[in-house]
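Visitor: I would like a close look at a single part of this protein and at how that part is placed within the chain. Please take one residue and describe its surroundings.

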Amino acid sequence: QVQVVESGGGLVQPGGSLRLSCAASGSIASISTMGWYRQAPGKQRELVATITSTGATIYADSVKGRFTISRDNAKNTMYLQMTSLKPEDTAVYYCDILGRRDGSSEHVYYWGQGTQVTVSS
């Protein structure tokens, strides 16, 4: 079994900051790309940022310059540092990893349950 758990969400005022974490555990042998997605009420899930095993990153235009994605490969953990938060950043944030289980040669996607981020005064 592979578990993916997000943490760090909460309520923050506009202009504030939050740091999300995503930890993968269980019988996981390796992780390729990791990513953050978000889904606001009534909207489709959208890409926020991704990071490869070598540190290459991609950001959605809406978060460039405000969010920073990073990872600690030794801990199978990924982070999303969010600054200058806006009300439109309010959403459930999901972690997605492309990983390979112990004993398998195939990479598959694993998703977390999500963590709520609310930006409001």
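Guide: Strands, as the word is used here, are DSSP runs of E with at least two residues, numbered from the N terminus. The model is a predicted one. In these terms, aspartate 89 is found in the loop that links strand 8 (77-82) to strand 9 (91-101).

In the chain as a whole, 41% of the 121 residues count as buried.

The side chain of aspartate 89 has two arginine partners to consider. It makes a polar contact of 2.9 Å with the side chain of arginine 38, and a polar contact of 2.8 Å with the side chain of arginine 66. Beyond four places in sequence, the residues in contact with aspartate 89 are Arg38, Arg66, Phe67, Ser84, Val117 and Val119.

The setting is a chain with eleven strands and zero helices. Its radius of gyration is 14 Å, close to the 14 Å given by the globule rule for 121 residues, so the chain is as compact as a globular protein of that length. Of the contacts with a separation of 6 or more, 56% are between residues 24 or more positions apart. As for charge, the chain carries 11 positive and 9 negative side chains, and the centres of these two sets are 3 Å apart.

Terms used: Residues are numbered from 1 along each chain as its sequence is written. This is a predicted model: local features need pLDDT of at least 70, side-chain atom pairs count only at pLDDT 80 or more; totals for chains, interfaces and linings use all residues. Side-chain values use heavy atoms; hydrogens and water are left out. Helices (H or I, at least four residues) and strands (E, at least two) are DSSP runs, numbered from the N terminus. The radius of gyration is taken over C-alpha atoms; the globule rule is 2.2 Å times the number of residues to the power 0.38. Buried means under 20% relative accessible area, exposed over 50%, partly exposed in between (1.4 Å probe, protein chains only). Contact means heavy atoms within 4.5 Å. Lys and Arg count as positive and Asp and Glu as negative; His and the chain ends are not counted. The place of a charge is taken as NZ of Lys, CZ of Arg, CG of Asp or CD of Glu. A polar contact is a pair of N or O atoms within 3.5 Å; within protein, one must be able to donate a hydrogen and the other to accept it, and residues adjacent in sequence count only if both atoms are side-chain atoms.
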